[in-house]
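Hi,

Here is the structure I promised to pass on. Have a look at it first, and then read my notes below.

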Amino acid sequence: MSTDTVAATASAHTENTADAPVLEVTDLAVTFPGLNGNPDVHAVRGVSYTVRRGEVLGIVGESGSGKSVSSMASMGLLPEHARITGSVRLHGEEILGLDDRAMARKRGRVISMVFQDPLSGLTPVYTVGDQLAEAVLIHDPKTSKAGARARAVELLDLVGIPNAQHRYRSFPHEFSGGMRQRVMIAMAMANRPDVIICDEPTTALDVTIQAQILDLLRTARRETGAAIVMITHDLGVVAGFVDRVLVMYAGRPVETGGVDDIYYRSRMPYTMGLLGAVPRMDLEHQGALVPIKGTPPSLSDLPPGCPFAPRCPIARPECDMAEPELLAIGSQPSEEEIRARGTEAGAARTDGGDTGTQRVACIRSGEIADRGWTAQDIYPVPEIPESSFSDVPREDRPEMLRVTDLIKHHPLMKGAVLKRRVGTVYAVDGIDFDSREGETLALVGESGCGKSSTLMEIMGLEKPQRGSVSVMGRDTAGLGRADRFRLRRDMQIVFQDPMSSLDPRMTVFDIIAEPLRTHGTATADTTRRVYELIDLVGLNTEHATRFPAEFSGGQRQRIGIARALALEPKLLVLDEPVSALDVSIQAGVVNLLQELQARLGLAYLFVAHDLSVVRHIADRVAVMYLGRIVEIGDTASVYARPAHPYTQALLSAIPLPDPERERARTHIVLDGDLPSPADPPSGCSFRTRCQKFITLSEPDREQCMSVEPRVTATSGGDQAAACHFAER
Amino acid sequence: MGKFLARRLLNYVVLIFLATSFAYLLAATNLYPRGYFEQMQPPPSPEAVNSQLDALNLNDQTPLAQRYATWIGGVLTGDFGRTIQGGDVASQMWMKAGVTLRLITVATILGSALGIAVGAYAAVRQYRRFDKAATAVSFFVLSVPTVVIAIVVQVLAVTVNDGLGSQFLIYSGEYSAGFDGTWWELLGNRIHHAILPTFVLAIALFASFARYQRNMMLDVLGSDFVRTAMAKGLTRRRALFKHALRTALIPTITYFTFTFGALVSGATFTEKIYGWHGMGAWLIDSIAKQDVHVVAAVSWFMAITIMAASFLSDILYAWLDPRVRV
């Protein structure tokens, strides 16, 4: 894209936009009629916002809060049976209710969208370039095929696809997730739209790729001058990126305002809880996270008053009388007025226009502002008892798990009848670590780094291809069947996806009792133990007879934890236990895990990609890259002084939920994608993306390229890194 | 890719050889050609029967291995032996295959095209009136055996003809015996004869294709890429046609090749009932006549068509779906 074309289009746009809002959504409501006698689902109930040119609005909310549905409604992408009311104006023109043909002319030209999952977002049977060219051609049929093709190549180049001319002919499956998301952004930018709606554009991506994509979105905003609506559940992503924030809950905006107002002077208990529930990577001693009890209400059966009241720690009887309006702080009606009006006032209505000042839908917002309450003041934060091990040095504690030079190589085979080996996937390639009693060791890294393979190798309790695994001092290579079965009592696992890791046809009681029965516990003992566990993980006794489908994600994960604890293991392996959960639910599970560890003296092997959660929960951390550990050490040192360039980049890539700090930070953005584990680079496997490598002198680079660095101590203490030029 | 296909082809050749050999051995051990000659009127002498059987390589007193060796030697040079009446199997086989191909080519194209269109549209209108009607019709057709459909259509044709008092619908034979005229009139006559059996075959195919395509289409309808296409500025109709249907057609096209391959010798009932002397009808007749060589030849032909169809579907799949290209 040449600069003068941008300038030309920009000036063309400014004439009719001036400072008028580009997109104006007023009192938007979306209802999905219930089929077969099911109640209607009120997915969005009165959303209003405006965005101006070049402005970025963040819409934040947990799953089911209606944030995606409201933007899909603006795009005219909802299924026909959805009932949409209210108004959506684009440059002052009403677009709600336009027929599909008229709406199609707007979509992609004036208003465009970037979706969450780039893996399924592109049609698999057309080339990437053709799909991009289609976006150009559809709005300008006069463009020649060659012209559209040239523009597509230009766009691919702009979004940072290397060798764009050549990659034009690639099919989507030949691109990585990050590259596909770049293509999606190119598609959204293709016709220089005035509004780009980004629906969780980085949720499905790894942090280093997320940093690349966020950079790219900044470029897109600069190049097109478009207004951006950024939808996300990640409070970190929006902090440094947006100008204003709209917080949604149960289909309604509950708080809106400038980004600093929301982050530092939040006046809605829900927003306050949400911010308090986020584990912070930048805080050394955060204490327990703020859990919000309960789960979001069902959108087909909402309580009469404030939808957050059932979960709110400071709810009053008046909260249940009528739904509070979104009003400026201090202008909420008093409790007497609400009682006088009674419940007959019905559902509240928003005051329509977006004034740009902070507005809150909470009758106690004025009080919160006056008293200067924070999340810690209004939410009961659980006391997490000190672990009894905390004063025993780790060297003196018994060893729970030791992994020495472990490898897991998968052969790549070719041929149907006569198979021959054509290569090797180095999934796990020689790693060493140990874990002590009462300690949490976290394995972190991006997808494909081998952290889950490591877990599976350990859990298998088999003889590894090379190296050794010993659990509680017993080498797994020498175990017989019966020994292995007995050893499983001592190590149990909690899986990532609470939806699919519980048998849907078993009751909670049977699920938790299964390991006990397998290991031959007497019936009476089993029953006693199951109820004990149900209580331990914070579920109620009456839950025992229900099926997993009746529970929310957080509750299911608690069931999974109860099952893992049934046999009183000493080592609990946690495979991304909270990554599928919403922030407010995640906080409760993280707190539970910490509490259980302190009470039962468990050792955790915690696998995660979320470095904020790791910082919060782990004592030690091992960073993995392409099947190897590149840095290991106690959490405080690694986070404070990362020695390996990859760790530095990883930590730098994570956005902080703190707008001022986030704006002041400079991120290290790594180039490109993770290399294929079937063909790792020679020498140091990280050198192809290393930000330090390019600054080195020629002989130093030679060393990186030819000599594989070993994990060596960097700070004299526990910290060690695999880098020739580690920070010491 | 070429290497992969070459290896596939080699596999198919082995499979065809095995299938044909088993079919021959099964037919040679279970059919009783001697009985066919013995029940002739007047009964021929045992010597005459033996010499007849020897001439045809069908004598059950010759060891099976020897008969098989003679037969397979012939097959390798393109000679499929003689029919029990002494005719050449190979030349008759090509004639019968021609008859069948004429019948099923039109029927499969018609049936699958209609099925795909109805199935895809039904998916778009899921649970609406059109979808419910299409579902009801296809399940009804699927639950009725083809033989019943063929006979019912024939009975209806008779009723229509009676009502009109003329031979409006023809339900027997491939062409009118002794009919003479210009080339165009001959063609017209053949088409006239082909209408009803083609319809019967097409209607049965339509039902399965409609169900299959509906499911395939439903799989892709909610896909993110259809939404992306609409977000680019395509209308819903265009996004469905260009992005959803194109993707959902891939499995159906391979299904089509298999159906076609299987039908070459699988349209038996329709051929028998409508008096078409095609492959299927020939197989049934030859079993009744204890004709070992014809049974083996038809089996060989079935194996060839099925393998060819599967080979074709491999190629088509790779051509249509870039994800499986290697």
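Helices here are DSSP runs of H or I with at least four residues, strands are runs of E with at least two, and both are numbered from the N terminus. The span comes from a record: an unreviewed UniProt entry annotates "domain: ABC transporter" over residues 23-275 and 401-651 of chain A. UniProt positions are given in the numbering used here, feature names are shortened, and such annotations may be inferred rather than shown by experiment.

Some housekeeping before the rest. This is a predicted model, in which local features need pLDDT of at least 70 and side-chain atom pairs count only at pLDDT 80 or more, while totals for chains, interfaces and linings use all residues. Residues are numbered from 1 along each chain as its sequence is written, and chains are lettered from A and ligands numbered from 1 in the order in which they are written.

Now to strand β8 (residues 227-232) of chain A. Six of its six residues are buried, so the strand is largely enclosed by the rest of the structure. (Buried means that 20 or more other C-beta atoms, placed from the backbone, lie within 10 Å of the residue's own; exposed means 12 or fewer, and partly exposed is in between.) A:A227, A:V229 and A:I231 cover one face, and A:I228, A:M230 and A:T232 the other.

Who are the neighbours of β8(A)? Strand β3 (residues 56-60) of chain A runs parallel to β8(A) and is joined to it by five bridges, with A:V56 opposite A:I228. Strands count as paired if DSSP finds at least two bridges between them. Strand β7 (residues 195-199) of chain A also pairs with β8(A) in the parallel sense, over five bridges, and A:C198 has A:M230 as its bridge partner. From β7(A) the chain crosses through helix α8 (residues 207-224) to β8(A), in a right-handed β-α-β crossover; that is, with the strands pointing away from the viewer, the path from the first strand over the helix to the second runs clockwise.

Helix α2 (residues 67-75) of chain A is mostly covered too, with nine of its nine residues buried; among them are A:K67, A:V69 and A:M72. Just after α2(A), A:G76 has a positive phi of about 70°.

Further along chain A, eight strands make an open, mixed sheet in the order β18-β19-β20-β15-β21-β22-β24-β23. β18 (491-494) and β23 (712-713) are at its edges with a single partner strand each, so one side of each has no neighbour in the sheet. Strands β21 (residues 620-625) and β22 (residues 628-634) of chain A pair antiparallel over six bridges, and A:A622 stands opposite A:I632.

Finally, how do the chains meet? 21 residues of chain B are in contact with 27 residues of chain A, where contact means C-beta atoms, placed from the backbone, within 7 Å. On the chain B side, α9 (224-232) and α10 (236-263) each supply at least two residues, and α9(B) gives the most, with eight.

Enjoy!

Conventions:
Contact = placed C-beta atoms within 7 Å.
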